[in-house]
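Trainee: I would like to learn how to read a structure, feature by feature. Please show me the general idea and then the case.

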Amino acid sequence: MPSSRNCPTARRFGRRALLSFSLALLAACSDSPTVANPLPSATGTAPKPVTTFAPMTADGTELPTETFAEWQARFREQALRAHIRPEVFDQAFNGVSPDPAVIAADRSQPEFSRPVWEYLDSAISPTRVRRGQGLLAQYGDVLAQLEQRYGVDRQALVAVWGMESSFGQIQGDKSVIRSLATLAYEGRRPAFAQDQLVAALQILQNGDITPERMIGSWAGAMGQTQFIPTTYNSHAVDFDGDGRRDIWGSAPDALASTANYLAASGWQKGQPWGFEVQLASGFDYAQADASLRKPVSQWLAEGVRLPPGASLPAGSGNLQAALLLPAGYRGPAFLILDNFRVVLKYNNSSSYALAVSLLAQRFKGGGYVVGTWPRDDLPLSRSERIELQTLLTANSHDAGNPDGIIGANTRKAIRAAQQARGWPADGYPTHQLLQSLRGQ
């Protein structure tokens, strides 16, 4: 699911809108699951954004100062300067008009998000596990070739496939051209949408797909792997040899494209993504910081323990690891390694990366979490997260822009506030901390 910040998809971004493409997908690198970001942009010439000076809506979005037809005429000129052939543009835009549903989705900001344990319950359902196991057998020859060519483990490929589109079953049902044209005309990020629209036209011009078959999410994520167009241009692969990079209808092409992206992001074949650990009483939870990485052997020497009966994954002792507490100090703990960080490049959500990693293990009979999730914990709503950020900053703990996204700055501020209170400084936003700050 590469997406708009540094992930490859707009993540189900019909089902998972681009992380950075919409606040509907809430937090990158947060414990709240999001549905996806784009891969690095493809190289090539893209038109400069159409600049307009427009009145603003209540949510700060500029209203168009021209009709859609006027915008389309101006964008056509720029697309042609970017070497899109006139007939390709005209065929793609034949009958296209703005889609109100796309604008509604772009401007939506869900008040509530699912806690990580509910997300994992759905992501690693018995049905999905059984379906993935069957596909591992069905595409065994293809997956073996992909492992040899790209060095990406087959279980990880199938896990991403399952998370992105339920193994090709849920790819979105919107015209990518119409959705991106709508967002370029009146969305919150017109320049980004315009770049994606040019890339989509390049895909059509290359002959990989026809306009009527180029479907995807409202945010422009496409196919079984939910690539946005720039990600497609830089990483999509024709693996079945039919001359087209068909991530919509060809499972081999979709799997190979995912393998190509993960390999380019640094995947290490055969290395574990990480493993569950247990923390001793009195542990310094402030060390649960993605930027703090130490060799696994050092973590173990400092008192981090394996669950009873567990053994250290082969060859992992000297690998660099960070400590992840996806539900705070009350929940399970994990040491995460480089391959986990690679999955984050596909979708910058720790919940997503954990789901992919555990699902891949579940295909082989593992991937069960020993620790207990704090299911009595009610996650903060978006408005409460904004209030928390505002109060943290007001109390000299700079949380950055109060946008409801629990990123690195907010976690640092939360840790500082927790330490000031003598609480476990896990950086996890809670109602207890919010209530304490309200009382100051």
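Trainee: Is Ser179 buried or exposed?

Mentor: This model is predicted, so treat every value as computed from it. To count as buried, a residue must have under 20% relative accessible area. Ser179 has 1% relative accessibility, so Ser179 counts as buried.

Trainee: Where does Ser179 lie?

Mentor: Look at helix H8, residues 176-186. Ser179 is part of that helix.

Trainee: Which residues is Ser179 in contact with?

Mentor: Set aside the neighbours within four places in sequence. Then Ser179 is in contact with Val102, Lys174, Ser217 and Trp218.

Trainee: What share of the chain is buried?

Mentor: Buried residues are 58% of the 440 in the chain.

Trainee: How many helices and strands does the chain have?

Mentor: The count is 17 helices and six strands. Contacts tell another part of the story. Take those with a separation of 6 or more: 68% of them join residues 24 or more positions apart.

Trainee: Now the strands. How do I read a sheet?

Mentor: Start with the general idea. Strands of a sheet pair through backbone hydrogen bonds, in a parallel or an antiparallel way. Here, four strands form an open sheet in the order E3-E6-E5-E4, and the pairing is antiparallel.

Trainee: Which are the edge strands?

Mentor: They are E3 (274-277) and E4 (294-295). Each of these pairs on one side only.

Trainee: How many bridges join E3 and E6?

Mentor: Four bridges, in the antiparallel sense. Glu276, for instance, stands opposite Phe334 in E6. On to the next pair: E5 (residues 320-324) and E6 (residues 333-336) are antiparallel too, over three bridges. There, Ala322 has Ile336 in E6 as its bridge partner.

Trainee: What covers can I read from the two faces of E6?

Mentor: Both faces are covered. Ala333 and Leu335 are buried on one side. Phe334 and Ile336 are buried on the other.

Trainee: Where is Gly331 placed?

Mentor: Gly331 is in the loop between E5 and E6. With a relative accessible area of 15%, Gly331 is under the 20% cut-off and therefore buried.

Trainee: Which residues does Gly331 touch?

Mentor: Thr372 and Pro374, once residues up to four places away in sequence are left out. Gly331 and Arg375 are 44 residues apart along the chain, yet 9.1 Å separates their C-alpha atoms.

Trainee: How many aromatic pairs does a search of the whole structure find?

Mentor: It finds 18. One of them is Phe283 with Tyr285, 5.9 Å centre to centre. For the type, look at the angle: over 60 degrees counts as edge-to-face. The planes here are 70° apart, and the pair is edge-to-face. Both Phe283 and Tyr285 are buried.

Trainee: Which residues form the aromatic cluster?

Mentor: Phe68, Trp71, Phe75, Phe89, Phe93 and Tyr185 form one cluster.

Trainee: Which ring has Lys294 over its face?

Mentor: The ring of Trp299, with Lys294 at 4.1 Å from the ring centre. For a case with arginine, turn to Arg362. Its charged end sits over the ring of Tyr368, 3.9 Å from the centre.

Key:
Residues numbered from 1 in each chain as written. Predicted model: local features only at pLDDT ≥ 70, side-chain atom pairs only at ≥ 80, totals over all residues. Heavy atoms only, no water. Pairing = 2+ DSSP bridges. Buried < 20%, exposed > 50% of the residue type's maximum accessible area, 1.4 Å probe, protein only. Contact = heavy atoms within 4.5 Å. Phe/Tyr/Trp six-rings, centres within 6.5 Å; stacked < 30°, edge-to-face > 60°. Lys NZ or Arg CZ within 6 Å of the ring centre and 35° of its normal.
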